[in-house]
Amino acid sequence: MVRTRRFKLLYNIAHELTFPFAEDLLYASSWDRSAEPSARFGRRSVEALMHRPKFELYDLQADPNEVSNLADDPAYAQVKAQLIDKVKAFQTRTRDPWLRKWDFQ
């Protein structure tokens with residue numbers, strides 16, 4: 001994840017997998033394990049929480065609750081590209097072994 005004052009980009013490196021939930025959430029009284037994928041949990045659907053896209057891009061000024069993912073919006077392609085470059089630069093500086101994943105996608 002990287003952010004600026006206005007934007008936040010999440011790179012879900014294992015986006016193909018179901019997002020792991022904390023055990024305390026799964027057993028909380030507010031979580032309905034029988035809920036349909038379209039059911040809401042907060043401002044998002046259960047489906048949106050459990051199956052994350054590869055990238056999530058949020059305009060923190062316009063959408064402080066991070067509900068509207070702008071990652072595939074052509075109007076934000078340049079912002080997304082700049083933030084991806086920042087993620088890669090961080091991975092390079094820190095010798096992140098997952099940097100190699102970019103070569104295979």
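Helix 3 makes the greatest contribution to the lining of the largest pocket, supplying four residues, where helices (H or I, at least four residues) and strands (E, at least two) are DSSP runs numbered from the N terminus. The structure is a predicted model, in which local features need pLDDT of at least 70 and side-chain atom pairs count only at pLDDT 80 or more, while totals for chains, interfaces and linings use all residues. Residues are numbered from 1 along each chain as its sequence is written, and side-chain values use heavy atoms, with hydrogens and water left out.

The volume of the largest pocket is about 190 Å³. A pocket is defined on a 1 Å grid over the protein atoms alone as an open set of points with protein on both sides within 12 Å along at least five of seven lines, a cavity being a set of points where a 1.4 Å probe fits but cannot get out, and lining residues have an atom within 4 Å of a point. Grid points are joined across faces, edges and corners, and the volume is the space filled by probe spheres set on the points. The lining consists of Met-1, Val-2, Leu-10, Tyr-11, Asn-12, Ile-13, Lys-86, Val-87, Phe-90, Gln-91 and Asp-96. Strand 2 and helix 3 are the elements that give two or more residues to this lining.

The protein chain contains three helices and five strands, arranged along the sequence in the pattern β-β-α-β-β-α-β-α. Of its 105 residues, 30% are buried, with buried meaning under 20% relative accessible area, exposed over 50%, and partly exposed in between (1.4 Å probe, protein chains only). The chain exposes about 7,500 Å², of which carbon and sulfur atoms supply 53%; accessible areas come from the Shrake-Rupley method with a 1.4 Å probe, and for residues only the protein chains shown count as cover. Among contacts (heavy atoms within 4.5 Å) with a separation of 6 or more, 53% are between residues 24 or more positions apart.

Three strands form an open sheet with the order 1-2-5 and antiparallel pairing, two strands being paired if DSSP finds at least two bridges between them. Strand 1 (2-3) and strand 5 (55-59) are the edge strands, each of which pairs on one side only. Strand 2 (residues 7-11) runs antiparallel to strand 5 and is joined to strand 5 by five bridges; Phe-7 stands opposite Asp-59, and Leu-10 stands opposite Glu-56. Helix 3 (residues 77-93) packs on the sheet, where it touches strand 1, strand 2 and strand 5, and its direction makes about 60° with that of strand 2. These axes are lines fitted to C-alpha atoms, for helices over the stretch in contact, and angles run from 0 to 180 degrees between N-to-C directions.

Strand 5 is largely enclosed by the rest of the structure, because five of its five residues are buried. Both of its faces are covered, with Phe-55, Leu-57 and Asp-59 buried on one side and Glu-56 and Tyr-58 buried on the other.

Thr-4, in the loop between strand 1 and strand 2, is partly exposed, with a relative accessible area of 27%. Leaving aside residues up to four places away in sequence, Thr-4 touches Leu-60 and Leu-83, and its C-alpha atom is separated by 9.7 Å from that of Asp-59, 55 residues apart along the chain. Tyr-76 occupies the loop between strand 5 and helix 3; with residues up to four places away in sequence not counted, Tyr-76 touches Phe-7, Leu-57, Asp-59 and Leu-70. The C-alpha atoms of Tyr-76 and Asp-59, 17 residues apart along the chain, are separated by 9.6 Å.

Glu-66 also lies in the loop between strand 5 and helix 3 and is buried, with a relative accessible area of 18%. Apart from residues up to four places away in sequence, Glu-66 touches Lys-8, Arg-44, Tyr-58 and Leu-60. Most residues other than glycine have a negative phi. In Glu-66, however, phi is near 55°, a positive value in a residue other than glycine, and phi of Arg-95 is likewise positive, near 55°. Arg-95 is placed in the segment after helix 3 and is exposed, with a relative accessible area of 75%.
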